[in-house]
Amino acid sequence: MKEKRKYFQPSYVKHFKCDGNKCDARCCKYWIIDIDKASYEDYEKIESAEKEITSKIKYFEQRKTYVALMNKNYTCCCLTEDNLCMIQKNYGEKYLSITCQTYPRSICKLGDLYERSLSVTCPVVAELALLPKDVMEFEIVEEYVPYRSKVKPKLLVERLEIIPHIFDVQSTSISILQERALTLDQRLAVLGFFLDRVDEITATPRIYEVTQLAELYTKEGFIIENFSAILADIKFNPKDFVKILLGGVLQTLYGDKNTPRKVFEVVIFDALQNTLELTPDEDGTVSVKVTAEKYMLLNSQREKFIQRYGTILENYLVNEFFMNFYPWRLQEKNILHNYGIFIATYKIVELFTFCMAQKYTSVDESEVVKVITQIATSIDNSTPYIKKISAEMENINDTFKIISTFLQT
């Protein structure tokens, strides 16, 4: 038996097909791959006496779940020499675990509508999502899904009265992010003003005003006419940005010495250190003042970089916003807090990719996409990073403060 579902998704999603030969089976390497109990029990039923599947799985007490064992080269034991999954090859896709069936997909349920997106931590997805020059388009598609599908959608909003207005907030936010008459930083600032007002409205009984607000922000000419003067008056504070960057955020990404992903630690951080000339003082600390000055000296080069790769960065922003269900990513936090996390994460991605382009002049569009994939992988799999950047946002609970800390408008 199957049920019919409506999916709201970026148009590129329909072109995605998992193929380990295209990406060197990245998702089957270096990760801790959880195996749900139901899948493990299925493997016990179908495998031969040689235990060809369950012998490659163990129960991990610390995680309270089964995990796939890894080979010495940090690849999943079920991965074959041709970069294909032994379980899928021998038994079919329906026997893949929830983790393996889901990644790189993200699905959430909003009433009768499902939102579906893909993560750019997958190299195949990254090329599909980030390289197109036109604005990322969205569509509604209908599909039949087995009633007992392993992949369960997430329920991300507890307040039912908000659900009818989520589409208005998301579509308007994406429209702002794709307003190419503005710089990326200006778009992000306007997004902040919009979400700040949404935050105020959703705290009142007049939640219906969200639709009216969305209509206003998507009205032709409204953004340019109403925000040009405001954006020009906002003063960027590079010291605040660098202070957050050096005050623990980088350590949460760079400090995990247990990961075998040395490419991120060695190559990308080396480019950052080289570009910003991060030289520790005698006490081992890096000067916020000196680093902020160096950051500002690189303004013209950074502007050229953003102009050259602006569509890639725009597509990253749109995909990130939609996939991580902003501005409600962290349900326990308010909209403004989530906006701050979104802005900070993007500026870190932008900074790393810029530094790579500065150090390696041969970097082209495909290389920029690869760097974003690697950074996104490290960020998305770093719980300490989300905790740290969220903690930083506790001290910046004002829209103008967030904007002046991260954006040059």
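Is the crossing of helix 7 and helix 15 right-handed or left-handed? The crossing is right-handed, meaning that the near helix is turned clockwise from the far one by less than a right angle.

## About the model

This is a predicted model, where local features need pLDDT of at least 70, side-chain atom pairs count only at pLDDT 80 or more, and totals for chains, interfaces and linings use all residues. Residues are numbered from 1 along each chain as its sequence is written, and side-chain values use heavy atoms, with hydrogens and water left out.

## Helix 7 and helix 15

Helices (H or I, at least four residues) and strands (E, at least two) are DSSP runs, numbered from the N terminus. The axes of helix 7 (residues 184-202) and helix 15 (residues 335-359) cross at roughly 165 degrees and come within 9 Å. These two helices are therefore roughly antiparallel, a label for angles over 145 degrees.

Contact means heavy atoms within 4.5 Å. Among the residues making it are L184, L188 and L195 of helix 7, and Y339, F342 and Y346 of helix 15.

An open sheet is formed by 3 strands in the order 2-4-3, with antiparallel pairing. Strand 2 (34-35) and strand 3 (57-60) stand at the edges, each with a single partner strand, so one side of each has no neighbour in the sheet.

Two strands pair if DSSP finds at least two bridges between them. Strand 3 and strand 4 (residues 65-68) pair over 4 bridges, and Y59 stands opposite Y66 in strand 4.

Key: Axes are lines fitted to C-alpha atoms, for helices over the stretch in contact, and angles run from 0 to 180 degrees between N-to-C directions. Angles under 35 degrees count as roughly parallel, over 145 as roughly antiparallel, 65 to 115 as roughly perpendicular and the rest as oblique.
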